[in-house]
Amino acid sequence: MSDRTCTADGCSRKHYARGWCKPHYKREAARQKALSGQRQQLRNLAPAEVIAARIDVTETGCWAWGGARDPKGYGRLMYRGEQYLAHRFSYEASRGPVSEDMTLDHLCRNTSCVNPTHLEVVTRSENSNRRWQSRAA
């Protein structure tokens with residue numbers, strides 16, 4: 001039998017599913033259900049409004065993505081039939097397009113953050129170097 005506990009901040013209840021205890025899991029399931037109902041409405045919104053509808057602002061100033069995430073924690077979204085990385089979508093909506101040969105570095109080291117002020121356009125090589133430097137520190 002597993003002795004895992006809920007991953008929600010300050011909760012020590014027994015793990016139920018997806019890292020949460022039963023009450024937190026049910027709360028998240030209800031939130032996801034509400035978001036799925038919003039998908040049709042979100043299609044008609046401007047990009048900045050789509051971002052605002054799906055973020056939670058943290059104490060550190062990060063805009064934590066509240067929509068779907070990939071296994072590495074990066075936010076994903078569908079907008080007008082196309083799939084985007086949420087942080088790139090947010091950056092491009094506020095600051096303009098990023099060249100295909102460039103990538104965005106999360107200066108805050110939070111992969112779910114979509115705050116454009118926490119993102120910097122860098123080469124893939126530079127992004128990789130920074131990742132290894134932050135692990136060594």
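Is Asp70 buried or exposed? Asp70 is buried, at a relative accessible area of 18%. Buried here means under 20% relative accessible area, exposed means over 50%, and partly exposed lies in between (1.4 Å probe, protein chains only).

The model is predicted: local features need pLDDT of at least 70, side-chain atom pairs count only at pLDDT 80 or more, and totals for chains, interfaces and linings use all residues. Residues are numbered from 1 along each chain as its sequence is written, and side-chain values use heavy atoms, with hydrogens and water left out.

Asp70 forms a salt bridge with Arg76, with 3.7 Å between the closest N and O atoms. A salt bridge is a side-chain nitrogen of Lys or Arg within 4 Å of a carboxyl oxygen of Asp or Glu. Arg76 is partly exposed, with a relative accessible area of 29%. The whole structure holds six salt bridges.

Arg76 belongs to strand S3 (residues 76-79), where the side chains alternate. Leu77 and Tyr79 point to one face and are buried. Strands (E, at least two residues) and helices (H or I, at least four) are DSSP runs, numbered from the N terminus. S3 runs antiparallel to strand S4 (residues 82-85), and four bridges join them. Two strands pair if DSSP finds at least two bridges between them. Tyr79 has Glu82 of S4 as its bridge partner. Two residues lie between the strands of this hairpin, and Arg80 takes a positive phi near 50°.

Helix H3 spans residues 86-95. Its buried residues are Ala86, His87, Arg88, Phe89, Ser90 and Tyr91. Their cover includes helix H2 (47-53), strand S2 (63-65), S3, S4, strand S5 (102-106) and strand S6 (119-123). Just after H3, Gly96 takes a positive phi of about 105°.

A further salt bridge joins Asp105 and Arg109, with the closest N and O atoms 2.7 Å apart. Asp105 is buried at 2% relative accessibility, while Arg109 is partly exposed, with a relative accessible area of 41%. Arg130 and Glu120 also meet through their side chains in a salt bridge (2.8 Å, N to O). This pair links distant parts of the chain, 10 residues apart: Arg130 lies in helix H4 (residues 124-136) and Glu120 in strand S6. Arg130 counts as buried at 18% relative accessibility. Glu120 counts as partly exposed at 31%. Salt bridges with shared partners join Asp105, Arg109, Glu120, Glu126 and Arg130 into one network.

Notes:
Contact means heavy atoms within 4.5 Å.
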